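Please have a look at the model first, then read on.

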Amino acid sequence: MSQMTRQDRIVKLVKEKGYLSVDELAQIFAVTPQTIRRDINALVDSHQIRRHHGGASYDSSTTNVAYSTRQALQQEAKKRIAAHLVKEIPNNASLFINIGTTTEAVAKALLNHEGLQIITNNLNVATILSAKPDFTVIVAGGTVRSRDGGVMGEATIDFINQFRVDFGIIGISAIDPNDGSLLDFDYQEVRVAQTIIANSRNVFLAADNAKFGRHAVVRLGHLGQVDTLFTDIAPPEETLSLMKEYKVALEICD
């Protein structure tokens, strides 16, 4: 198979699957991982796919990667971010936690805390945290999104508006490095996240490096609404300048 034909098929497969690892692609095409890495580099340079640690994904501004794929992406980075973030949460605090695989990693890291009260619109977060008998876990009402256990809708917004908590922990799909826009894919999900931000005394944004420069169609808010950004690698220079301008604290969880 010629290089161009292989690269065209790589793009097609990554679009279909959302994400494929280097090893999976090497097995599919019966070539070495080094060959696949060269193909991925060429396709990234031509802006056809996006590189992730150990593989490649397809970056769409209108459709998010499948939940099962997102669970597999950046796992170690998410664990490091979660472990670092929870150090800033005292025992007996009140929290909002929104939808996302990074916030689910935060929920797992919170299990060593005591006396937390958590309000969430994420059924996976509720399941993780309800294992602790000294935690109070409150699940927002609304419509359950079957693909990832997210709860959303007008009822969810009305419910969250009844609370004022110490910390709002949010995940995000993308951060525009040029203007600091926080971006996501689902309008209803964004409206819930906006309500969480509005009702939190401190807003913690948990976002791995893959979120910088990624594209998504719905504007959730602005980096200036965040008190602290927790990430695994230093953001682009444009983002750092914006954070300095809006006095957003940075925690690099390396």
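How many of the nine residues of H6 are buried? Seven of them are, so H6 is largely enclosed by the rest of the structure; buried means under 20% relative accessible area, exposed over 50%, and partly exposed in between, with a 1.4 Å probe and protein chains only. Please keep in mind that this is a predicted model, where local features need pLDDT of at least 70 and side-chain atom pairs count only at pLDDT 80 or more, while totals for chains, interfaces and linings use all residues. Residues are numbered from 1 along each chain as its sequence is written, and side-chain values use heavy atoms, leaving out hydrogens and water.

**Helix H6 and its partner H5**

- The buried residues in H6 are Thr101, Thr102, Thr103, Glu104, Ala105, Val106 and Ala107. Helices (H or I, at least four residues) and strands (E, at least two) are DSSP runs numbered from the N terminus.
- Helix H5 (residues 75–85) and helix H6 (residues 101–109) have axes that come within 8 Å and cross at roughly 50 degrees. That makes H5 oblique to H6: angles under 35 degrees count as roughly parallel, over 145 as roughly antiparallel, 65 to 115 as roughly perpendicular, and the rest as oblique.
- Axes here are lines fitted to C-alpha atoms, for helices over the stretch in contact, with angles from 0 to 180 degrees between N-to-C directions.
- On the H5 side, Lys78, Ala82, Ala83 and Leu85 meet Thr101, Thr102, Ala105, Val106 and Ala109 of H6, where contact means heavy atoms within 4.5 Å.
- By class, this contact of H5 with H6 has six nonpolar, two polar and one charged residues. Ala, Val, Leu, Ile, Met, Phe, Trp, Tyr, Cys and Pro count as nonpolar, Asp, Glu, Lys and Arg as charged, and the others, Gly among them, as polar.

**Helices H2 and H3**

- The axes of helix H2 (residues 22–29) and helix H3 (residues 33–45) come within 9 Å and cross at roughly 110 degrees. H2 and H3 are therefore roughly perpendicular to each other.
- Val22, Asp23, Leu25, Ala26 and Phe29 in H2 meet Pro33, Ile36, Arg37 and Ile40 in H3. Seven residues of the contact of H2 with H3 are nonpolar, none is polar and two are charged.

**Salt bridges**

- The whole structure holds ten salt bridges, each a side-chain nitrogen of Lys or Arg within 4 Å of a carboxyl oxygen of Asp or Glu.
- One of them joins Asp39 and Arg6 at 2.5 Å, N to O. The pair links distant parts of the chain, with Asp39 in helix H3 and Arg6 in helix H1 (residues 3–17), 33 residues apart. Asp39 is buried at 0% relative accessibility, and Arg6 is buried at 9%.
- Arg145 and Glu189 meet in another salt bridge (2.8 Å, N to O). Arg145 lies in strand E7 (residues 143–145) and Glu189 in helix H9 (residues 187–198), so this pair ties together parts 44 residues apart in sequence. Arg145 is buried at 11%, and Glu189 is buried at 10%.
- Arg191 pairs with Glu154, with their closest N and O atoms 2.4 Å apart. Arg191 is in helix H9 and Glu154 in helix H8 (residues 154–160), so the pair ties together parts 37 residues apart in sequence. Arg191 is partly exposed at 27%, and Glu154 is partly exposed at 46%.
- Salt bridges with shared partners join Arg145, Asp148, Asp186 and Glu189 into one network.
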